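Thanks for coming. I will take a few minutes to walk through one structure for those who have not seen it before.

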Amino acid sequence: MSRSLSQCVIKLHEEHHDLEDYQGGVPRWCNGCGDNAILAAMQRLCSEENLAPENTVFVSGIGCSSRLPHYMKTYGFHGIHGRAFPVAEGIKMARPDLNVFVSTGDGDCCSIGAAHWIHAIRYNMNITVVLHDNHVYGLTKKQASPTSPKGLKSNTTPYGATLEPMNPLTVSLGVQGASFIAQGVDWVPEVLYDIMKAAFKHRGFSFVRIIQRCPEFMPKAFDPWLHDPQRTMLLTHANGLQLSPSLSVAYRNQREHDPIDIDRAREIASLDDPIPVGILYQNPDAPCYEDLRHAGQLRSPEYIRAGLNRELDKYTVWPDDEAQAQRAA
Amino acid sequence: MNDTLTLTPPEAVARSPRPATPISEHIVEVISDSGEGAQRCGQSLAAIAARMGNGIWTTEIIPAEIQPPARSVAGASGIRIRMGSERVTNGGDQTDLVVAFNEQVLIGRVQAHELKPGATILLENMWHTHRDPAVVASYVKTVEALRKDGFKVYEAPLEERCRELVADPRKGKNMFVLGMLCNLYGLDAKLAREQIARIFGKKDDRVIKSNVALYEAGAAWGEANLDFKYRIPAQRSSQAQIVVNGNTAIALGVIASGMDICAMYPITPATSASHYLSEVFEKVGGLVHQAEDEIAACAFAIGASYAGKCAVTITSGPGYSLKQEAIGLAVMAEIPLVVVNVQRGGPSTGQPTKVEQGDLPAAVFGSHGDAPKVVIAPCSIEDCFYSVITARKIAETFGMVVVVLSDASLSTAQQPFPRPEFSEDWLAPPVDQTPVPPGAKPYDWDAVTGLSRRFQPGQPGGMHTLTGLAHDRASKVAYDPSINEEGLRMRSLKLAALQKTLKAPPVFGGDSGELLLVGWGSTMGAIEEAVTRLRAEGLGVSSMHLRFLQPMPSGIREILSRFKRVMTIEGNWSDKLEDELIDEDNRRYSALAMMLRSRFLVDIDCWSEARGQPIKPGDICRVARAKLESTQGRSQVDSTPSGGLTRSGR
């Protein structure tokens with residue numbers, strides 16, 4: 001595969017990008033929607049990491065979460081419901097040089113796209129994923145999602161959701177090949193940004209579940225957590241997040257957790273109250289699928305010609321004289 | 001008698017060759033229980049004949065189950081090889097000579113009328129001395145009945161002779177039979193040994209040696225015990241020829257097209273194309289991604305194409321159905337994509353290993369809403385190779401989805417074709433990374449052709465969000481009804497733009513006449529052979545074969561007008577007029593007939609069968625004759641198969 005020309009050109013000056021270089025259309029999310037916090041963190045991340053907008057792609061499926069690419073000023077791919085992961089994988093495989101992000105929701109990822117989600121973790125391609133988890137379908141106006149709390153009254157569960165909610169963290173941590181699993185909440189934006197930054201810096205499939213409020217359909221769902229900082233448990237570690245002094249004062253429920261410890265990570269992931277926030281698991285050495293498959297190889301026409309002819313040779317019946325010449329050679 | 005003869009040593013006299021009967025072609029079948037290697041035997045026989053310069057066409061006989069019960073009538077697994085002096089384009093009608101590993105699988109073939117009356121049968125005789133008296137009785141009774149029906153039955157000690165050479169004769173019989181057949185048809189022993197070395201090339205020398213020994217034992221047994229021999233004169237082509245099956249040709253086409261990525265999910269009968277690609281693609285810098293499901297395979301290919309590397313996904317019917325939504329996305333967002341559908345019987349799981357041309361409507365009309373796609377159908381093994389290159393080029397030039405409709409018949413059939421000479425024109429241009437001029441829009445549709453320049457990630461200034469939602473020229477979501485219609489118009493116009501570049505299909509036979517047969521895909525060889533036979537009988541029959549099903553080239557209307565009657569020949573379902581409830585008002589026509597009727601307003605009839613087997617030239621002849629005899633210009637053709645043998649109650 002031919003590398004982009006821009007990689008070969010010596011840049012005389014590093015281009016600097018401001019926040020507004022990543023700000024696309026005006027978000028059409030509801031006021032107070034947690035998606036806004038995720039978008040803000042994303043734009044800040046791109047700006048602080050100085051990602052070239054032309055080399056950055058945001059891929060999404062369908063749902064409120066999946067509108068996010070429209071509000072970025074990078075390349076965006078707003079595809080079909082549940083299929084953001086395989087699209088993003090195809091992009092990354094074809095062009096490992098691109099920064100690839102996926103923006104998905106609890107319906108898009110955990111329901112219709114669940115098969116792709118499990119396998120995306122397994123492939124461990126270098127993609128950064130934010131799961132906007134508001135526990136409900138918003139775009140289609142209030143239906144229960146796989147992460148809806150048991151008993152939630154919605155348009156499809158008017159007598160209350162009958163099943164226990166799925167826990168995307170424990171599911172992710174159960175997949176062989178998982179390399180980065182974290183959780184953020186929209187009401188602690190500083191930590192949310194730090195987590196997303198760590199996710200982006202991680203080389204591999206970085207999965208960040210973000211618990212976010214839906215003011216329209218789940219207006220009071222997270223009130224108990226908002227009103228009591230003790231019910232948000234921040235995970236800290238020298239290899240994970242370090243908290244600012246002011247944050248440490250506000251959120252006193254903290255726990256030392258080394259992200260390399262997968263057993264402890266699974267235990268923490270199972271907690272729903274207090275809500276754990278931070279990096280649950282990180283394995284920096286997990287191999288990436290695109291590396292294992294040698295993606296991004298240079299291919300010249302001559303290389304392809306030689307390869308094709310080598311294969312054709314296996315199946316060729318030569319005319320007599322040529323066959324003799326062939327054997328002589 | 002002269003002195004020379006008296007000087008000849010006695011053993012050489014004993015081995016003096018039987019006179020070989022010259023014939024222009026022969027159809028041979030090797031049939032066995034599943035797993036006894038009949039297909040490998042037949043493929044090798046065909047390859048050797050092809051190397052000698054014979055025309056060949058192979059048709060695999062595949063039971064639906066991986067391991068059907070041994071010795072079952074329905075479990076016949078094997079291969080038909082049609083060998084000729086000239087180029088062979090299809091599997092032909094009935095078999096001249098069969099090698100059967102047991103009498104039960106043979107009964108299946110006889111009952112299906114696959115054997116020519118009086119055909120030669122070489123039958124494994126181990127069942128004659130089997131310890132189960134029921135087996136012995138069945139064997140003896142069958143041999144008697146076959147002889148009574150006029151078949152020439154030779155009983156051959158395959159197992160017995162193989163046991164003298166190898167521990168597991170069941171695994172070695174196929175090479176013994178290969179030797180026998182090579183001897184029968186006078187094929188070159190040196191080429192045969194090379195072929196054996198090739199197929200067992202990955203194993204160690206002992207395996208090759210033991211298989212060569214089996215081959216030689218088979219040839220010696222044939223020489224000593226059979227009183228007949230054939231010779232099909234062969235002429236080595238002056239051009240280098242490639243001998244592969246359709247799926248291998250597709251895989252080679254993927255390499256030649258310059259595509260980097262094939263995303264797939266295993267499905268019969270498409271998988272062997274991906275097997276071969278998996279083996280060799282990485283050696284030329286490409287890769288095969290086995291996705292978690294068919295949808296993911298399609299979406300993965302779309303992602304790669306979007307990022308500037310046009311990709312292919314290879315599947316069959318059920319997988320194609322699953323991909324439909326993603327295909328619609330590629331249509332809407334104008335992402336180039338090549339989808340190969342190696343058709344099998346449908347609907348649902350249908351007949352996984354059997355041929356059918358049932359997916360044309362799904363390919364042309366599939367995906368919800370108006371989703372114009374290009375649909376092409378290879379009609380020979382050579383076409384399988386070139387159709388992928390063409391598909392990639394059209395996909396990228398027009399920003400469209402191109403569906404390549406192959407089928408289970410082409411997938412396993414082998415036929416030689418001239419060795420392709422690689423051209424750089426086959427390849428895609430490098431990924432475009434030049435800056436986008438200020439003000440340019442990602443869907444700056446040309447008002448006439450609907451074409452626009454695609455922006456690829458990495459291009460400075462081209463940033464936009466591609467969307468599956470209806471969108472305007474700037475890729476912004478369309479809330480205005482006129483913007484939605486503009487997008488629909490532009491995506492549709494691209495088909496017209498492509499259509500203007502297509503040449504009218506050639507007519508085979510005469511330029512005008514009584515009857516034009518129209519076909520598409522794998523049936524071309526059989527239809528053209530039927531036309532040749534019918535014209536030799538003095539009948540005014542011609543044929544036209546469509547490679548482009550969507551868009552259809554110009555000139556078809558004019559061709560149709562030159563014939564008194566037109567009828568499609570298709571391997572799919574169409575209602576039969578002899579059914580009580582079926583009439584002109586409710587008859588469901590075959591797919592191509594339906595499309596031609598609606599486009600050209602011509603009363604086009606159709607004849608189709610969906611028996612899971614390639615359509616035979618003899619059946620087409622019978623249908624065409626009946627069509628010509630019918631006075632109303634509408635077919636009264638019955639749908640029972642031809643063949644002289646009665647279905648016996650054995």
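A word on terms before the counts: helices here are DSSP runs of at least four residues, and strands are DSSP runs of at least two, both numbered from the N terminus. What you see is a predicted model.

Start with chain A. By that definition, chain A has 13 helices and twelve strands. Its C-alpha atoms fill a box of roughly 90 × 50 × 40 Å along the principal axes. Chain A has 329 residues, and 50% of them count as buried. If you take the contacts in chain A with a separation of 6 or more, 67% are between residues 24 or more positions apart.

Next, where chain A meets chain B. How many residues does each chain bring to the contact? Chain A brings 53 residues and chain B brings 62. On the chain A side, the elements giving two or more residues include α1 (5–8), α3 (84–94), α5 (114–123) and α13 (320–328). The largest share on that side is from α12(A), with nine residues. Sorted by type, the chain A side holds 26 nonpolar, 16 polar and eleven charged residues.

Strand β12(A) pairs with β9 of chain B, residues 241–245, in the antiparallel sense over two bridges. T316(A) has I242(B) as its bridge partner in β9(B). The whole sheet is open and has three strands, in the order β12(A)-β9(B)-β16(B), with antiparallel pairing. At its edges are β12 of chain A and β16 of chain B, residues 414–418, each pairing on one side only.

Now the interior. In soluble globular proteins, nonpolar side chains tend to be buried together. The largest nonpolar core in this model has 267 residues. Which of its residues touch the most other members? From chain A they are V59(A) and I91(A); from chain B they are C262(B), A301(B), I302(B), V338(B) and V402(B). Helix α12 of chain B, residues 294–306, gives the most to this core, namely ten residues.

Take C262(B) as an example. Apart from neighbours within four places in sequence, C262(B) contacts residues including V254(B), L277(B), F281(B) and I314(B). There is also a second, separate core of seven residues, among them V136(A), Y137(A), C214(A) and M218(A).

One helix of chain B deserves a separate mention. Is α10(B), residues 246–256, made up of buried or exposed residues? Eleven of its eleven residues are buried, so the helix is largely enclosed by the rest of the structure. The buried residues run from G246(B) through to A256(B), and V254(B) is one of them. Just after α10(B), G258(B) takes a positive phi of about 80°.

Last, a residue in a loop. A371(B) sits between α14 (360–365) and β14 (374–376) of chain B. Why does A371(B) count as buried? The cut-off is 20 or more other C-beta atoms within 10 Å, and A371(B) counts as buried because it has 20 C-beta neighbours inside that distance. Leaving out neighbours within four places in sequence, A371(B) contacts I327(B), G328(B) and V331(B).

That is the tour; I can take questions now.

Definitions and conventions. Residues are numbered from 1 along each chain as its sequence is written. Chains are lettered from A and ligands numbered from 1 in the order in which they are written. This is a predicted model: local features need pLDDT of at least 70, side-chain atom pairs count only at pLDDT 80 or more; totals for chains, interfaces and linings use all residues. Two residues are in contact if their C-beta atoms, placed from the backbone, lie within 7 Å. Ala, Val, Leu, Ile, Met, Phe, Trp, Tyr, Cys and Pro count as nonpolar, Asp, Glu, Lys and Arg as charged, and the others, Gly among them, as polar. Two strands pair if DSSP finds at least two bridges between them. A residue is buried if 20 or more other C-beta atoms lie within 10 Å of its own, exposed if 12 or fewer, and partly exposed in between; C-beta atoms are placed from the backbone. A nonpolar core is a set of buried Ala, Val, Leu, Ile, Met, Phe, Trp, Tyr and Cys residues joined through C-beta atoms within 7 Å.
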